[in-house]
Amino acid sequence: MKRIGILTSGGDCQALNAAMRGVIKCLFVSGEKVEIYGFMDGYKGLIYGNFRMLTGKDFSGVLTIGGTILGTSRTPFKTIREPDENGLDKVEAMKQNYHKLRLDCLVILGGNGTHKTAHLLSKEGLNIITLPKTIDNDLWGTDMTFGFQSAVDIATHAIDCIHTTAASHGRVFIVEVMGHKVGFLTLNAGIASGADIILIPEIPYNIDKIIEAIKGRNARGSRFTILAVAEGAISKEDAALSKKEYKEKLKNCPYPSISYEVADQIKQRGGYDVRVTVPGHTQRGGSPCPYDRVFASRLGSEAGQLILDGEYGFMVGYRNREVVRVPLEDVAGKLKMVSPEANIVKEAKMLGISFGD
Ligand code: F6P
């Protein structure tokens with residue numbers, strides 16, 4: 001008999017349910033007797049002992065369903081050691097609930113912040129297995145996270161739709177893609193949808209280069225220009241500021257997001273008719289794409305196998321097209337970013353895409 005806790009933490013994404021189903025199916029198919037404790041709303045459920053018993057039925061029909069049947073929330077790692085408003089020690093509470101329920105292990109689905117806490121719990125002696133979710137694909141130790149391909153599909157579709165209206169009106173259009181720290185999603189959706197300019201946090205832009213690229217397109221006979229801009233895109237001047245100075249600047253910034261600032265500069269300096277579209281959380285919503293259903297199922301089944309093997313302290317990741325077991329200490333606290341020297345960036349430039357650099 002295995003007693004398994006499971007939770008989803010951080011921003012949701014597609015295929016969380018598919019991944020959990022993969023874990024549970026693998027365990028059931030093995031014939032192992034299991035009790036499943038589903039903690040509600042991420043680490044909060046573990047801290048406050050809010051869980052529900054799950055059976056195979058709970059995972060029936062969820063392969064195609066977005067979101068998470070367990071709910072999720074953000075529990076910032078930087079305050080995890082601080083007591084809550086009632087003085088509760090959150091880490092101790094999580095450990096106590098784990099032991100009280102006599103769990104054999106805890107399966108945690110999450111992104112970067114989630115992995116820091118997962119690693120901490122592992123160091124505190126809990127048996128932890130994690131699965132990499134995030135539309136940002138910014139987790140270290142895995143070439144891919146589930147949710148990413150579904151989000152690429154949605155962002156690509158959004159830019160595809162903008163293409164036709166931009167062409168009709170001869171406008172400059174900015175589509176703001178999710179990703180505050182990394183640009184994998186913007187880069188891939190931008191290339192997939194034929195964006196002309198891609199701005200990502202890892203490659204700070206120069207507004208003059210952007211206007212040059214738009215003018216160049218006009219000179220070659222194109223009436224419109226599409227920019228795929230990551231939420232965290234940053235100008236060269238802003239990138240040169242200290243963290244503190246940049247935060248201060250943002251406090252007094254009149255724009256709701258970077259895309260509006262870029263749009264205003266293109267309007268002012270180039271005299272273009274510019275529009276901004278922000279697909280926002282639609283990128284995290286809806287049904288997982290077939291790739292993510294397969295991918296999350298594969299990772300989930302390997303997590304089930306780890307439980308059967310009694311191997312803990314790993315994230316199930318993906319490297320060189322193979323599912324792999326990655327020690328948590330190799331993952332936690334490291335961000336995977338787009339390298340400005342990466343082949344995909346070079347190839348995008350060979351296709352004529354400007355990064356504004
Ligand atoms: O980490 C996933 C992500 O969707 C980022 O791309 C985005 O910047 C952020 O979460 C949005 O967070 P929230 O849902 O808390 O607004």
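## H1 and H11

Helix H1 and helix H11 cross in a right-handed manner in this predicted model (right-handed: the near helix is turned clockwise from the far one by less than a right angle). H1 covers residues 16-30 and H11 residues 290-309 (helices are DSSP runs of H or I, at least four residues, numbered from the N terminus). Their axes come within 7 Å and cross at roughly 45° (axes are lines fitted to C-alpha atoms over the stretch in contact, with angles from 0 to 180 degrees between N-to-C directions).

On the H1 side, the contact (heavy atoms within 4.5 Å) involves Ala 18, Ala 19, Arg 21, Gly 22, Val 23, Cys 26, Leu 27 and Ser 30. They meet H11 residues including Ala 296, Gly 300, Ala 303, Gly 304, Ile 307 and Leu 308. By class, this contact has 9 nonpolar, 7 polar and 1 charged residues (nonpolar: Ala, Val, Leu, Ile, Met, Phe, Trp, Tyr, Cys, Pro; charged: Asp, Glu, Lys, Arg; polar: the others, Gly among them).

Residues are numbered from 1 along each chain as its sequence is written. Local features need pLDDT of at least 70 and side-chain atom pairs pLDDT 80 or more, while totals for chains, interfaces and linings use all residues, and side-chain values use heavy atoms, without hydrogens and water.

## H5 and H6

Helix H5 (residues 148-169) packs against helix H6 (residues 184-192) at an angle of about 50°, and the axes lie 8 Å apart. H5 is therefore oblique to H6. The crossing of this pair is right-handed.

H5 contributes Phe 148, Ala 151, Val 152, Ala 155, Thr 156 and Ile 159 to the contact. From H6 come Phe 184, Leu 185, Asn 188, Ala 189, Gly 190 and Ala 192. The contact of H5 with H6 has 9 nonpolar and 3 polar residues, with no charged ones.

## H7 and H10

Helix H10 spans residues 258-270, and its axis comes within 10 Å of that of H7, with a crossing of roughly 65°. This crossing is right-handed. Ile 207, Asp 208, Ile 210, Ile 211 and Ile 214 of H7 make the contact with Val 262, Gln 265, Ile 266, Arg 269 and Gly 270 of H10. These residues divide into 6 nonpolar, 2 polar and 2 charged.

## The second largest pocket

H7 (residues 207-219) also supplies 5 residues, the largest share, to the lining of the second largest pocket. The lining has 15 residues, and Asp 196, Arg 217, Arg 220, Gly 352 and Ile 353 lie nearest the pocket centre. Sorted by class, 6 lining residues are nonpolar, 5 polar and 4 charged.

Technical notes: Helices (H or I, at least four residues) and strands (E, at least two) are DSSP runs, numbered from the N terminus. Angles under 35 degrees count as roughly parallel, over 145 as roughly antiparallel, 65 to 115 as roughly perpendicular and the rest as oblique. On a 1 Å grid over the protein atoms alone, a cavity is a set of points where a 1.4 Å probe fits but cannot get out, and a pocket is an open set with protein on both sides within 12 Å along at least five of seven lines; lining residues have an atom within 4 Å of a point.
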